[in-house]
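Have a look at it first.

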Amino acid sequence: MESYEKLQKMIDECNNIVFFGGAGVSTESGIKDFRSVDGLYNEKYDYPPEVMLSRSFFDTHTEEFYKFYKDKLNTLDIEPNVTHKYLKKLEDKGKLKAVITQNIDGLHEKAGSKNVLLLHGTTYINHCMNCGKEYGAQDVFNSKGIPRCSCGGIIKPDVVLYEEGLDNNTIASSIFAIQNADMLIIAGTSLTVQPAASLIHYFRGNHLVLINRDSTPYDYKADLIINESLGKVFESI
Ligand SMILES: [Zn+2]
């Protein structure tokens, strides 16, 4: 496979690699992209996922929010796949400097990656809206009904909901990482979700690689495009 050899050569050459990943990174762990509305949602729920995962819905329909959230976003029993593990090894070797992810499933952290920039937050960190006390994923997913703090306040996941803005520090760290990278691997994302997609414009390194099943609006900028499943790619190199 010529493109795999090219990718391997680029990785060998570079020592400041940044990986930017979307939902496709997690699909091989069995996680469905909640944005892709399938029949299941329509059958079971009265609202589309974009509505149920919005801030106004959380505030006004908290119980229904948590019904959907616990049903669809619980990844406590889900394991990292070959891509997560490959990236952890690349970080250990000192070659990979940051993983920037749109995923909230905690799988990079489970695989052992250390510098993970969570653009959309994570289900593994939650805070009481009243007193600020921190809670883990189990406290929320294993709770009955609306998860509540010992003080009585409602616990809210540190997940960026629709209608909410991204965290400024995370954006700044992501821009810094991309600006300083000599190689940027963008994978498992169609690059259509803003403002995450616009981060690509900060890259000024040597090798821009896009790995995705389908084409993206940024294909013209890439030095290497691989339209293949991520698992297959990272298994092969
Ligand atoms: Zn509290």
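## Before we start

This is a predicted model, where local features need pLDDT of at least 70, side-chain atom pairs count only at pLDDT 80 or more, and totals for chains, interfaces and linings use all residues. Residues are numbered from 1 along each chain as its sequence is written, and side-chain values use heavy atoms, leaving out hydrogens and water.

## The sheet

Six parallel strands make an open sheet, in the order E3-E2-E1-E7-E8-E9. Strands (E, at least two residues) and helices (H or I, at least four) are DSSP runs numbered from the N terminus, and two strands pair if DSSP finds at least two bridges between them. At the edges sit E3 (116-118) and E9 (224-226), each pairing on one side only. From one strand to the next, the twist averages 15°.

E2 (residues 96-101) runs parallel to E3, joined by three bridges. Val 99 is opposite Val 116 of E3.

## Helices on the sheet

Helix H7 (residues 82-92) lies across E1 and E2, at about 145° to E2. Angles run from 0 to 180 degrees between N-to-C directions, with axes fitted to C-alpha atoms, for helices over the stretch in contact; contact means heavy atoms within 4.5 Å.

## A closer look at Asn 115

Asn 115 is in the loop between helix H8 (107-111) and E3. Beyond its neighbours within four places in sequence, Asn 115 contacts Glu 91, Lys 97, Ala 98 and Val 99. Glu 91 is 24 residues away in sequence, yet the C-alpha atoms of Asn 115 and Glu 91 are 8.5 Å apart.
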